[in-house]
Amino acid sequence: MIEKLVIIGSGPAGYTAAIYAGRAQLQPLMFEGFVVGGLPGGQLMTTTEVENFPGFPEGIQGPHLMKEMRQQAVRWGAKLITDDVVRVNFSYRPFTIATDDLEIKAQAVIICTGATAKRLHIVGEQQFWNNGISACAICDGTNPLFKNVEIAVVGGGDSAAEEALYLTKYASKVHMLVRSDRLRASKIMQERVLKHDKIRVHWQALPISADGDDVLRNVQIQDQKSGVITELKVGGLFYAIGHTPNTQLFQDILDLDDKGYIKTIGKSTATNIAGVWAAGDVQDHIYRQAITAAGTGCMAALEAERWLAEIY
Ligand SMILES: Cc1cc2nc3c(=O)[nH]c(=O)nc-3n(C[C@H](O)[C@H](O)[C@H](O)COP(=O)(O)OP(=O)(O)OC[C@H]3O[C@@H](n4cnc5c(N)ncnc54)[C@H](O)[C@@H]3O)c2cc1C
């Protein structure tokens, strides 16, 4: 049997694509993932309160939101397989999508495999993850934990600069921990950071451990030149050291940009291969939000539906 549409990945992008494709009677088959890109349900399974997804004025727990999206996809006829795709062949149609145990043929594919925030794996990171340590200022900055306390941001690029500036609205002071002796951020962002009276940049500084009690209290920082370790009293530590798009599977198959994100054409979600679309964080290193992932998941499903109607 040849599937009309296979969706790879089950974050907000994948489930939204499945809801739209299901409603268009495409009976999409989704591989939810299992190990490779994280949990079925995607990145929001690793967080607590989501306060910026429209429709939930009091906020909603990340895993709960994903459970509701999953149910909505199933309601509209999506078939779910909780496994990782380990191999694809897009060189001719029908395409091949394979797990370790299963090989599927499909006329069209939507890739929603997301991205993974890079971590430093410092001592204490696991203990304080989502309870002082975070990889998303826009998502977690408004947490009362960070209101009027000193916090630290790790990184020296544009994202780190943006996160540091954003966090000045809530924190009493923001320490920017930069591994080298210069910022990689654009000139304008550098200026904004360096001029900001609430931001202090620590050069050649890297956190090596975090401790506290029920919440984060301190971060130990090592000077990368002298090796000297100092302690910073902060209630929050934000990683802004980049994301890794989950695109290993598509290397040498699809056009990727220099950071490994799938390239899409113009304002569409189409990839360089007709019949293959990409939605969500796997093709977006700018916005990286659940709502934008869901939005592009919707676009991909509508584009796939139109394409399938024309081709078959
Ligand atoms: C801690 C944290 C908190 C966040 N909080 C917020 C917030 O409050 N608000 C907000 O808008 N955004 C938040 N975000 C960002 C948001 O989670 C992402 O932008 C969004 O989840 C991206 O959705 P996605 O569907 O593109 O991919 P993801 O959510 O990354 O999901 C990708 C899916 O693909 C699967 N997958 C990967 N590889 C394979 C494979 N080979 N085979 C099959 N499946 C595969 C994975 O298992 C996963 O299910 C947060 C992110 C993090 C890490």
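Author: Helices here are DSSP runs of H or I with at least four residues, and strands are DSSP runs of E with at least two, both numbered from the N terminus. This is a predicted model, in which local features need pLDDT of at least 70 and side-chain atom pairs count only at pLDDT 80 or more, while totals for chains, interfaces and linings use all residues. Residues are numbered from 1 along each chain as its sequence is written, and side-chain values use heavy atoms, with hydrogens and water left out.

Reader: Between which two strands is Pro94 found?

Author: Most peptide bonds are trans. The bond that joins Arg93 and Pro94, however, is cis, with omega about 0°. Pro94 itself is found in the loop between β6 (87–89) and β7 (95–98).

Reader: Through how many residues does a hairpin join β6 to β7?

Author: Two strands pair if DSSP finds at least two bridges between them, and β6 and β7, which run antiparallel, are joined by three bridges. Within this pairing, Arg87 stands opposite Ala98 in β7. The number of residues through which the hairpin joins β6 to β7 is five.

Reader: Which residue in β8 stands opposite Thr96?

Author: β7 also pairs in the antiparallel sense with β8 (residues 103–111), over four bridges, and a hairpin of four residues joins β7 to β8. The residue that stands opposite Thr96 in β8 is Lys105.

Reader: Which residues are buried on the two sides of β7?

Author: In a regular strand the side chains alternate between the two faces of the sheet. Buried means under 20% relative accessible area, exposed over 50%, and partly exposed in between, with a 1.4 Å probe and protein chains only. Both faces of β7 are covered, the buried residues being Phe95 and Ile97 on one side and, on the other, Thr96 and Ala98.

Reader: What percentage of the area that the ligand exposes when taken alone does the protein bury?

Author: A polar side-chain atom of Asn52 lies 2.8 Å from a nitrogen atom of the ligand, and a polar backbone atom of Val85 is 2.9 Å from a nitrogen atom of the ligand. A polar side-chain atom of Ser10 lies 3.0 Å from an oxygen atom of the ligand. Taken alone, the ligand exposes 1000 Å² by the Shrake-Rupley method with a 1.4 Å probe, and the share of this area that the protein buries is 97%.

Reader: How many residues of the shell around the ligand are nonpolar, polar and charged?

Author: With a heavy atom within 4 Å as the criterion, 36 residues surround the ligand, the closest being Gln43, Asn52, Val85, Asp281 and Ala290. Both α1 (12–23) and α7 supply at least two residues of this shell. By class, the shell divides into 15 nonpolar, 16 polar and, for the charged residues, five.

Reader: Which residue is the bridge partner of Val153 in β12?

Author: β11 (residues 150–154) and β12 (residues 173–177) run parallel and are joined by five bridges. The bridge partner of Val153 in β12 is Met176.

Reader: Which side chain does a polar contact of 2.6 Å join to that of Glu32?

Author: Glu32 is found in the loop between β2 (29–31) and β3 (49–50), and it counts as buried because its relative accessibility is 3%. A polar contact, which is a pair of N or O atoms within 3.5 Å, joins the side chain of Glu32 at 2.6 Å to that of Tyr15.

Reader: Is Asn130 buried or partly exposed?

Author: Asn130 has a phi near 70°, a positive value in a residue other than glycine, and its place is in the loop between α3 (125–128) and β10 (133–134). Because its relative accessibility is 25%, Asn130 counts as partly exposed.

Key
A polar contact is a pair of N or O atoms within 3.5 Å; within protein, one must be able to donate a hydrogen and the other to accept it, and residues adjacent in sequence count only if both atoms are side-chain atoms. Ala, Val, Leu, Ile, Met, Phe, Trp, Tyr, Cys and Pro count as nonpolar, Asp, Glu, Lys and Arg as charged, and the others, Gly among them, as polar.
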